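Q: I would like to learn how to read a two-chain model by its elements. Where do we begin?

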Amino acid sequence: MDITHQTVPQPETALYRLAGVSKIYRKGGREIPAVRDLDLEIRAGEWLAVQGKTGHGKTTLLQLLGGLDRPTRGRLDFGGNDLATATEARVRKVRASSFGFIFQTFNLIPTLSAQENVEAALIPLGVHHAERRERVQAALDSVGLGDRVQHVPGELSGGQQQRVAIARALVKEPRVLLADEPTGNLDEDTRDEIIGLLDTLWRERGLTMILVTHDSAIARRAQRIGVMSRGRLSIRQDTRA
Amino acid sequence: MGASSGVKAAQAKVLRALYGIGTDVTVTTQPKARSGQQRPISGQASQGGPGPGGSGSGGAHAEVCINGKCYTSGTIDTLLSEDHGLFGAATAAQVARLHDVSAAAGGLLLTDNRIVLPSGSNSQLTPPTSTSVDGTDISHPKLGPLSNGTLTSGRTFTAADKNADVAVVDANYATANKLKVGSTVTVAKTKFTIIGIVSQPEASSPPEVYIPLARAQALGTDPATGKSMKGDVNTVYVTAASASDIGAVQQEIEHLLPHATVTSSSDLASQVTGSAASAAKLAGDLGKWLAVLVLIAAFAVASLLTMAAVARRVPEFGTLKALGWRSRRIVSQVLGESVTTGLIGGLAGVGLGFAGVAIIDKIAPKLSATVPSASGGGGLQTQTAGPGGVFAGPAAASHATVAVPMSASVTAGVIALAVLLALCGGLLAGSFGGWRAARLRPAAALARVA
């Protein structure tokens, strides 16, 4: 993985186009709207932070943007693919190649080493074994864990585990990095360390980054801040050029 | 299943004792009706009271008649075929030539009856004795009762013993009569030197003395005719070409010898009664349903555990789906793990099974089997008719109850079946677990993390 280039993202074209997107859950005959009539454009290379109270639809929005769930209605266009109506196989392919996920709880497989956890992201892409190992090593090096490749998650600290998760998200060289409370389980020092790392990677790689967080200090680093309230998104800050 | 096999093994042990290792079928025939008298030996006793010129205290007077010839003193020692009729010399060879027969040998199952009559009026009458004697075809050492014995001392017959007065005796008989190799045993007034002692499996009454067939034929008397048995046999031991041919062999022999009684191991199996047979039935009936119940329970437990394991790993599968893994690949992953677990569990179960078998073999209760005497050693039944009197006649069909140690047997088939079932269990449980995992939406699976 080449991380030597120093590119400041130049958001220009819209990578995402959401029009009238709603996600409604049904539970016991009741309808629970998690996202309501959302219209949104996200440019390539943009960093969008999403804030909001618990249960107001932040994670649901992230899952819709990451192809992990489908909207109940509306159009969700990503790079020319409508993720609302595309086949499951198509969505899976887009997910495998274009999206990198970082979760609050790291979601590493406890029985696999750091190397194997990162490698798991390349398997759906059919990358050859030797190349996989090379890219995994580069990804772990880029997050400062090149010497921890054989450690299983239980042998790593919380910050190190999240670094492994970041390496797993980036090893496939995705177009979008989707992070759901990536520092929620970390102490303050580690939080700053991880956010610093994400900031660097975003700048260096021209990633589109969508980050869900409660932490306003972290959100303020983003180009745009959107706040989810009762399923509706409102933009509070926009520092894009 | 192992218990059922163990019971069958116990039955086989009884049959083996009855039958001999290499013998699949025995051929015998009913004795011919004896003209003029019902028994080859008949006895009567009279007791004379002290007469006027009597010489003392009075005494017993016994008279024993054999084939019409009566004795009042001396030793009567006859070798008779009491339970079976005789075949001609060529019978064994005829049977051996049958299509599905591998080998056939003739033998003589005889009874040596010995009565010592009092020599004088004051002499005490000694009880009659009988010894079962087997005339063994030395040229077929793997057929007949002797083939089943284990030589504990001395040697067995060789070709050079064909016409020699040598004998092999049963270990129990030797112990009871304080005999050892080099001792002599008297059969039909002829002394035989003991060359070997054999131990027979604990079962019915094996022959007590084995002598070469030619000598038995020379010394034996046909009770029907009172003539020598030269060239005759009363039992033909047959080995089928294969186990599946036994039925055909039976039919072929019945066709060749329509009046003969043809007995196979399966016929004898039906005669094994007592706790071994009851245990076989119990193991067959109850054991079958218990095995089915245990199997269902094992499958249910394995399935529940696998599904619980899959449920615990739902976030893991959700993560893999988020990474773009195909559902098919996740199912394969779960399936592979389940089958591997099943295989390891199956092998561990086999190990535990062996341990269980060892424990069962240690603590299993002793069973008994009631078997009819197949050796023809009917013996002589005696009844005292009065002071000094004796009645002698052939014994009724005898039965013996023998102890049969129960053991659980483990066969390669059972082991293969156990591993196969474990694999199938893993496969089924894994398929179901994998199917459930694959059906989950990634978002729903990831939501479980929270």
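Q: Which residues of H8(B) are buried?
A: A residue is buried if 20 or more other C-beta atoms lie within 10 Å of its own, exposed if 12 or fewer, and partly exposed in between, with C-beta atoms placed from the backbone. In H8(B) the buried residues are Glu316(B), Phe317(B), Gly318(B), Thr319(B), Leu320(B), Lys321(B) and Ala322(B). Because seven of the nine residues of H8(B) are buried, the helix is largely enclosed by the rest of the structure. This is a predicted model, in which local features need pLDDT of at least 70 and side-chain atom pairs count only at pLDDT 80 or more, while totals for chains, interfaces and linings use all residues. Residues are numbered from 1 along each chain as its sequence is written, and chains are lettered from A and ligands numbered from 1 in the order in which they are written.

Q: What do the buried residues of H8(B) pack against?
A: Helices (H or I, at least four residues) and strands (E, at least two) are DSSP runs, numbered from the N terminus. Two residues are in contact if their C-beta atoms, placed from the backbone, lie within 7 Å. The buried residues of H8(B) pack against H9, H10 and H11 of chain B, and also against helix H2 (88-98) and S6 of chain A. Just after H8(B), Gly324(B) has a positive phi of about 100°.

Q: How many residues of chain B are in contact with chain A?
A: On chain B there are 14 residues in contact with 14 residues of chain A. Helix H8 (314-322) and helix H11 (442-447) of chain B each supply at least two residues of the side that touches chain A, and H8(B) gives the most, with five residues. That side of chain B divides into nine nonpolar, two polar and three charged residues. Here Ala, Val, Leu, Ile, Met, Phe, Trp, Tyr, Cys and Pro count as nonpolar, Asp, Glu, Lys and Arg as charged, and the others, Gly among them, as polar.

Q: At what angle do H9(B) and H10(B) cross?
A: Axes are lines fitted to C-alpha atoms, for helices over the stretch in contact, and angles run from 0 to 180 degrees between N-to-C directions. The axes of helix H9 (residues 327-363) and helix H10 (residues 412-439) of chain B come within 7 Å and cross at roughly 150°. That makes H9(B) roughly antiparallel to H10(B); angles under 35 degrees count as roughly parallel, over 145 as roughly antiparallel, 65 to 115 as roughly perpendicular and the rest as oblique. Their contact has 18 nonpolar, 14 polar and one charged residues.

Q: In what order do the six strands of the open sheet in chain A lie?
A: Strands of a sheet pair through backbone hydrogen bonds, either parallel or antiparallel. Two strands pair if DSSP finds at least two bridges between them. In chain A the order is S6-S7-S8-S3-S9-S10, with mixed pairing. Strand S6 (99-102) and strand S10 (232-238) are the edge strands, each pairing on one side only. The twist averages 20° from one strand to the next. Strand S9 (residues 224-229) of chain A pairs with S10(A) in the antiparallel sense over six bridges.

Q: Which strands of chain A does helix H1 lie across?
A: Helix H1 (residues 58-65) of chain A lies across strand S3 (47-52), strand S7 (176-180), strand S8 (208-212) and S9, running at about 155° to S8(A).
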